[in-house]
There are 2 protein chains.
Amino acid sequence: MKAYNDTTYAILGILTTDCKSGYAIKQFIDRSLSHFWKISYGQIYPTLKLIVQEGLAEVNVSTTSGRSDRNEYHLTSKGMDTLKNWLEQPLQQAPVERNEVLLKLFFGSYQSPEKTIAILQDYKNRLEIRYEMYETIEKGIHQHNKDEKDAMYWLMTLDYGKRVTEAAIKWCDHTLKNWS
Amino acid sequence: MKAYNDTTYAILGILTTDCKSGYAIKQFIDRSLSHFWKISYGQIYPTLKLIVQEGLAEVNVSTTSGRSDRNEYHLTSKGMDTLKNWLEQPLQQAPVERNEVLLKLFFGSYQSPEKTIAILQDYKNRLEIRYEMYETIEKGIHQHNKDEKDAMYWLMTLDYGKRVTEAAIKWCDHTLKNWS
DNA sequence: GCCGTCATGTAAATAGTTACATGATTAA
DNA sequence: TTAATCATGTAACTATTTACATGACGGC
């Protein structure tokens, strides 16, 4: 079976929900997937074109009064098979997360401790904002998608985000404490 | 002050250690930086060329008997200033870590629970291997770089890796328990 | 009339990996 | 002599972001 990149599979997956247009996909990603996957329009539209070319989805124009026309993409059975096949494949080598904070900290001896502390404090603030965002998304799922069979899986990914973010916040606290 | 990409700053930072050639930089990254930053030769050599063009380092050929000639790069004061200036800059918007496991889990309802469990188990194994790698690097720093002023900072980045990985492992356990 | 949202798309630039090419030295 | 390590580099490809271009509709 032909292989595609993960971004293509992400879009195939989203097309199983009721997000069917490029615009709706972008919104879905920003609202529900953004803690572990981001895609820009510059990737979405060309990828949708590819998906149709490959026969993984069919497109039809939906005209709703009071709205711009939208292209609706519907998975074909070939598209669904392709998605399921990818789900079954073993994990690829995990790409290393590039962490700008750690990179700066690594060379911290060329900087005053005050500056390093400021960076850590800033990072901690960002992590806390992120944690709150996860909780907001979580509440949204509990309220609006409680019955959906997908909801449980979506909540698991959020739980991951919360746990890892919490550990990072604790590391900030611990590291900051070593200086005071 | 002119801006470069983070990979360029990473290389400038490494040139402050006693790794002075492209080959030595690659080894240093693979041994000490690989848990949060990876760079391939395809980036290192062109970037070193750029660094010299920009006057951030000077190159001279070192001939050691019984070794191939190696190009040694030495930071200029302009290079050192550029590094220090970057260290002081506030953090950029943190790029989202793309996580293939979470992406597959997100669409887990299109797969049998057994397959999902297998993916989580596989992920947990990888995380455990990664955790052990961190401990190995940590021991190496304790033994060989104890006196270096950088060592403390290097250990902090490893502590981050360990804490975050531990949290991810616990999430795997917790998520797997929900199915059994 | 203007702003926000809905909606689709492309071009150029940037970033990064992979595969390839080359060649010296050393130890088994 | 052959494999491993040291050493440098490029070309092609893949991935991705950013900035731009366009336009409709609804509400203030």
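In the predicted model, the surface near DNA strand C is made up of 7 nonpolar, 12 polar and 3 charged residues. In total, 22 residues lie around DNA strand C, and those that come nearest are A:Tyr23, B:Asn5, B:Ser40, B:Gly42 and B:Gly66. At least two residues of the surface near DNA strand C are supplied by each of helix 2 (22-33), helix 3 and strand 2 (70-75) of chain A, and by helix 3 of chain B. The greatest contribution to this surface is made by helix 3 of chain A, which provides 4 residues.

DNA strand D is likewise surrounded by 22 residues, of which A:Asn5, A:Ser40, A:Gly42, A:Gly66 and B:Tyr23 are the closest. Sorted by class, the surface near DNA strand D contains 7 nonpolar, 12 polar and 3 charged residues.

The fold of a single chain was examined next. Chain A contains 7 helices and 2 strands, arranged along the sequence in the pattern α-α-α-β-β-α-α-α-α. The domain assignment divides chain A into domain 1 (6-88) and domain 2 (100-177). The centres of these two domains of chain A, taken over C-alpha atoms, are separated by 28 Å. Along the principal axes, the C-alpha atoms of chain A fill a box of roughly 60 × 35 × 30 Å. The radius of gyration of chain A is 21 Å, whereas a compact globule of 180 residues would have a value near 16 Å.

An unreviewed entry gives residues 11-84 of chain A as "domain: Transcription regulator PadR N-terminal". This span, residues 11-84, is 50% helix and 16% strand, and its end C-alpha atoms lie 13 Å apart. The unreviewed entry also gives residues 98-177 of chain A as "domain: Transcription regulator PadR C-terminal". Over residues 98-177, the chain is 82% helix and 0% strand, with 25 Å between the end C-alpha atoms.

The contact between the two protein chains involves 54 residues of chain B and 56 residues of chain A. On the side of chain B that touches chain A, two or more residues are given by each of helix 1 (6-14), helix 4 (77-88), helix 5 (100-106), helix 6 (113-144) and helix 7 (151-177) of chain B. Helix 7 of chain B gives the most to this side, with 14 residues. By class, the side of chain B that touches chain A comprises 27 nonpolar, 10 polar and 17 charged residues.

Finally, the relation between the two copies was considered. Chain B is superposed on chain A by a rotation of 180° with 0.0 Å of shift along the axis, at an RMSD of 0.0 Å. The two copies are therefore related as by a two-fold rotation axis. Of the interface residues of chain B, 100% are also interface residues in chain A, so the copies meet through the same surface.

Note on methods: Residues are numbered from 1 along each chain as its sequence is written. Chains are lettered from A and ligands numbered from 1 in the order in which they are written. This is a predicted model: local features need pLDDT of at least 70, side-chain atom pairs count only at pLDDT 80 or more; totals for chains, interfaces and linings use all residues. UniProt positions are given in the numbering used here, feature names are shortened, and annotations may be inferred rather than shown by experiment. A residue is near a molecule or strand if its C-beta atom, placed from the backbone, lies within 6 Å of it. Ala, Val, Leu, Ile, Met, Phe, Trp, Tyr, Cys and Pro count as nonpolar, Asp, Glu, Lys and Arg as charged, and the others, Gly among them, as polar. Two residues are in contact if their C-beta atoms, placed from the backbone, lie within 7 Å. Domain bounds come from an automatic or database domain assignment. Copies are superposed by least squares on the C-alpha atoms of residues with pLDDT of at least 70 in both. The radius of gyration is taken over C-alpha atoms; the globule rule is 2.2 Å times the number of residues to the power 0.38.
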